[in-house]
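Here are my notes on the charged pairs in this one. Have the 3D view open while you read.

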Amino acid sequence: MSNIQDKVVIITGASSGIGEATAKELAFKGAKLVLAARREDRLKKLQEEIRTNGGEAIYKVTDVTSRQQMEELAAYALKEFGKIDVLVNNAGIMPQAFLAENKVDEWDKMIDVNIKGVLYAIAGIVPSMRERKSGHVINLSSVAGHNIYPGGTVYCGTKFAVRAISEGLRQEEAMNGTNIRVTNISPGAVSSELLETTTDPAMKAGLDEFYKVAIDGDSIARAIAFAIEQPSDVGINELIIRPTVQVG
């Protein structure tokens, strides 16, 4: 039996891309899923697909930039399943542009989703893990959280922050003996809707070319499953996953 069997897993950004792929992978391995995203039609379709294939899933329309909604998501999971074993902090956006373009609204949105959204999820969900002295937080950073490149400065900054948050949370929980594991996963080019959040035409064209080598979200989903499947005394702290041919 998989170590994932019957674990209650919250996935943010579950309506597409890595989040959707992860939901299907974990459902196949017997997890009980709580799907969270803003698009109810996508969530409902995913839930139906999982249930048709014999899996178990519920959903809640959630905006990760709302602290209240993240608290409500945690409460909903606890009400329906009685516990939360795993948080997959997946929601994120990637608008790209040079700083000189002054796309300040996009900067604000990236900070709200990519950083504050991660922190709101931790604030809402991790306390119940601490009470049970068991849990696993999986944060999705990016190769951009390791390498800075022109046009991605703010995005890189948000993903560096996710890595810092992940490592800080890991150390704090280890120090306090809560048995909460923390995994930071940094994908390279992965097929998803992230590219659609870039509004700068020249930058979008460059990204489209770069992402021709992209791998499927299933590749990241399998890595997430691998981290969860380890025995409780083993923490997979960080994974970087690129297409084999990706250089940067």
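1. Start with Arg130 and Glu173: they form a salt bridge, with the closest N and O atoms 2.8 Å apart. A salt bridge here is a side-chain nitrogen of Lys or Arg within 4 Å of a carboxyl oxygen of Asp or Glu. Arg130 sits in helix H4 and Glu173 in helix H5 (residues 153-176), so the pair ties together parts that are 43 residues apart in sequence. Helices (H or I, at least four residues) and strands (E, at least two) are DSSP runs, numbered from the N terminus.

2. Glu173 is buried at 3% relative accessibility, while Arg130 is partly exposed at 34%. Buried means under 20% relative accessible area, exposed over 50%, and partly exposed in between (1.4 Å probe, protein chains only).

3. A word on the source: this is a predicted model, where local features need pLDDT of at least 70 and side-chain atom pairs count only at pLDDT 80 or more, though totals for chains, interfaces and linings use all residues. Residues are numbered from 1 along each chain as its sequence is written, and side-chain values use heavy atoms, leaving out hydrogens and water.

4. Next, look at Asp85 and Arg132, another salt bridge, at 3.4 Å between the closest N and O atoms. Asp85 is in the loop between helix H3 (67-81) and strand E4 (86-89), and Arg132 is in helix H4 (residues 104-132), so this pair joins parts 47 residues apart in sequence. Asp85 is buried at 7%.

5. Finally, Glu229 and Lys29 meet in a salt bridge (3.3 Å, N to O). Their parts are 200 residues apart in sequence.
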